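User: I would like to learn how to read strands and a chain interface in a model. Please go through them one feature at a time.

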Amino acid sequence: MNWSVEQVLGLAPDVSSAKRGQSLAHAKKWLLIEANDRAIWGECKGSGSRPYRTRIDLVGPAYKCSCPSRAFPCKHAIGLFLLRVSSNEVVIKPEPPIWVSDWLEQRDKKRKPKVKADLSPAEIKKRKADKAKRLAKRVSEMQEGFNDLENWIVDLIRQGIAALESRPYSFWKEMAAQMVDRKISGASGIILDMALIPGSGPDWPDRMVQKISSLYLLIRAFRQLDKLPDDFREEVVQVAGIKYKKEEVFEMETVEDVWQVLGVLESVQEDLNLRRTYLSGKNTGRMAMLLEFAHGNMAFEGHYFVGHSFEGALSYYPGVVPLRAIIKKRTADFNAIQKVDGFNTVKDFLAHYAKDAGKKPWLAHAPCILSKVIPQDQKGQFLLVDENGEGIPVQNRSFSGWKLLALSGGNPIQVFGEWTGQHFVPFTVMTNSQWINLSDS
Amino acid sequence: MENWKALVKICLIGTERGQFDPPEKDKLKAFGIDMNQPKEQLILESLSFYSQIRKCGFVPVTVTEEKKVELAGLETHVVCNKKSSAHLGVILSGPYEEALPEFLNALIENNQRLPEDKLPIILDRCKNKKELWPAIKASIGERGKWLAKINSDWAYLEERIDPKAWEYGLATERLAYFRHLRNTKPEEAITLLQASWDKESLQSKQALLKVLEDHLSEKDEAFLESCLDERRKEIRKIAARMLSKIYNSALNERMFERLKELIQMKKRTLKKEKLEVRLPDKCDDGMVRDGIDPRAQWFKGGVKASRLGQMLAIVPVAYWDNHFDLTPVETLEIFIRSDWGELLVQASIESAALHKDYTWVAALLTFWMESQDRQRWQNLNIKPLFEMMSPELFNTLVIKGLKKEKDLLDENNPVTQMLKTSKHPWSDKLTLLVISNLVNWMKKESSRYWNGWHFRSILKKGAFAANPSMHETLSKNWPEESRIWSSWEKEIEEFLNTLQFRQTMLNDLKNK
């Protein structure tokens, strides 16, 4: 058990859940507390007649509890987890009771790729043909949508984007909805991003024009879809909004490695919570990004500790610069990372980025480790400067620029973050003694 | 990227009005862009081309040698451990924010400093919390001082001791220098101020005078007395206030001479002395010069009563003890018995607070706590005394009050008010009495749980004021069988959790 009390408390959705969990971390409040290598389970006295049944799957971790609380994980799960970590009153039982093993089995089933029934070659061929047919139909529907989109952006250019400052949100929302109807959700996302740009700073026209041009590239690329090389076609199709099912991704390129968690960023888009987790493979050097969504109050599945690694296999979504991935399998254990490698100079990184962006014109965020940079404040603009005196601008959101400065004290530091093509968004600082997640308060 | 700029400009005003310059056209043509397509398409294609170039050809910013940053100084203290850093993170993100001063003091006591990544938030959060500045300065280490030098918002921590600032600096820099001088060499500050006084603007005169409030002494009197003859009322007012703060100042003596005429002790047949109080008919120039506002409304009552009140509130209340040859408690008794009791007591409250007369503070608070005739005294503004209370006095008074209380502390009970507003730590004895007062009520009460509503804020206060090592003792013996337990469970859990948080916070700070 290499979990610490702080890590468990870090899983709580908010401070008050953590506090309530702590007050349940006493053996006398539980009728049953048991665990094995994979899971922890227990029965807790509640205000109802029946005790609450709480179970934790360490792979993830994931939780289930019979209490009515909407907090996730609930205080029982936190309390039980804390007990396991900090007390020796937990009974180790290799075989869990049925209410635990059933749940674990269900979880395993969900995670494992569905095994295809043995099909005859003819059957396989037919299915493939059916799928190709469906795709072709969808593509032709999308083509029509792209024609509308092109007319729309031509209009924007003809009238001039200065007029956009006075457009209401509904102007964007309607077009975005129209794109969703045409099954081009990729364009819809870009349009909703555009809605926030007018008037948002002196350089807003540059950013707006950038978005318009990425829409235009998509229109042009989609129009000649069948002439494109395979991997580029995959890329275009995904950018436009054709989504792969998990099971399909599991069959794509899969990489086994020790995956090091470099940074995690949670954000909100409309009423959807988004989490981007960046990983780097210790042996292969491959980068990966897990993109997860959670609606409303739902919690994200699993938890990734920055500065720790786990063993597992990731399946990549196809494309010219594969980055997005999902976890095919993983172990429950995690270990602290000793050291990661990154780019020594800003130019090295920019050259690498240019190569990727050249292959994938829609590339927005690219992960980046800069190994030896000194943060500086140049009249309110933060820079990360390498040993050659060359720097890239840093976004200073909720003090992240100042935190970089504070952690360096004028000395070179290693930083992980995202490069957006125009500025660097810092996530994590790696010092000799620890990894610091800059979004923590 | 001249072309990019030209393209963005056309996009801004629209293709109906925007035009390409011929040389730009040639460049686009050279890049292989089809010039025969419709204008909008041409723009869009060119944009796509240039936005890719912009993305792939990002030019790093070159930082010249002289712009490079200095290194932060070497630290003399260690950073607190990771657990403490996590505690601090919790404090900064919400419900335990009130534990910040305690955290900082314990950090300093254990010879540690703040973790670097927390410095920006702390420095920013405490910009306006002057009371925390000494603790912040002592705990930010060399790294913090280095940051404060870079970010002018955090310069409040830096002592600017550049004497040139007095001659050439901005108003804020001059003020900072003057404050520094006043703190280190109070008399030199007076000399400096006198030398430049006539050249100062009204605003700077006001600001500089206020600085004198620290380290005020008889040595400042001559200068302040001269300020009473200033042309502007604003200056005279500040100077009079400062002079009245100097215990034996001529201003106080003058005022007392006037008061002695108005307030006199009369022996009465029943042997009890009584005061005879006369209101001042006139407010002469001398009184106005000494800071009395002839038309002001002071406390309650008419213009004449207000003048008397102002005069009494300035003069050290202890003058009366000497004058009557009585103890403060005895003097207070005579004040109370007077027909003008309310005015006399209110003025005594203000004078005691102004002159930090702790004997009078104690006498007044004891009277207020124990006075049975609440109706008569309900308009008194007692708040100035709360700030003057010593921790010992606070504990003594509250314990005394709690011991007398058989039922739940009433919302209007002075003890409740003191518990809710005081900043002092609670002694263990006091904590136990507060909690048993609540527990006893919970045991008896079966339905009217809302009666104790005000106790919630007492519990909230206690969570940060009680000694956290009492957590274990206090976790026991709650009346969980009480019928109103369920409506209190959450508050009590919160109270205990806060104590526990503070306890682990303090313990973790002891381990380096």
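User: In S7(A), which residue is the bridge partner of A:Ser267?

Analyst: This is a predicted model, in which local features need pLDDT of at least 70, side-chain atom pairs count only at pLDDT 80 or more, and totals for chains, interfaces and linings use all residues. Residues are numbered from 1 along each chain as its sequence is written, chains are lettered from A and ligands numbered from 1 in the order in which they are written, and side-chain values use heavy atoms, without hydrogens and water. Strands are DSSP runs (E, at least two residues) and helices are H or I runs of at least four, numbered from the N terminus; two strands pair if DSSP finds at least two bridges between them. Here, the partner of A:Ser267 in S7(A) is A:Leu274. Strand S6 (residues 254-269) of chain A and S7(A) are antiparallel, with ten bridges.

User: What lies between S6(A) and S7(A)?

Analyst: The two strands form a hairpin with two residues between them, and A:Glu270 in the turn has a positive phi of about 55 degrees. S7(A) also pairs with strand S8 (residues 287-295) of chain A, antiparallel over nine bridges. That hairpin has five residues between its strands, and A:Gly285 in the turn has a positive phi of about 75 degrees.

User: How many residues of strand S7 of chain A are buried?

Analyst: In a regular strand the side chains alternate between the two faces of the sheet. Buried means under 20% relative accessible area, exposed over 50%, and partly exposed in between (1.4 Å probe, protein chains only). In S7(A) (residues 272-281), ten of ten residues are buried. Both faces are covered, with A:Leu272 and A:Leu274 among the residues on one side and A:Asn273 and A:Arg275 among those on the other.

User: What is the area buried between chain B and chain A?

Analyst: The size of an interface is often given as the accessible area lost when the parts come together. Buried area is that loss (1.4 Å probe), summed over both parts. Between chain B and chain A the area is about 5200 Å², of which carbon and sulfur atoms give 62%. B:Leu44, B:Lys55 and B:Phe58 supply 13% of what chain B buries against chain A, more than any other three residues.

User: How many salt bridges does the rule find across the interface?

Analyst: A salt bridge is a side-chain nitrogen of Lys or Arg within 4 Å of a carboxyl oxygen of Asp or Glu. The rule finds four between chain B and chain A. A:Arg158 forms a salt bridge with B:Glu40, with the closest N and O atoms 3.4 Å apart.

Methods: Buried area is the accessible area (1.4 Å probe) that two parts lose on being put together, summed over both.
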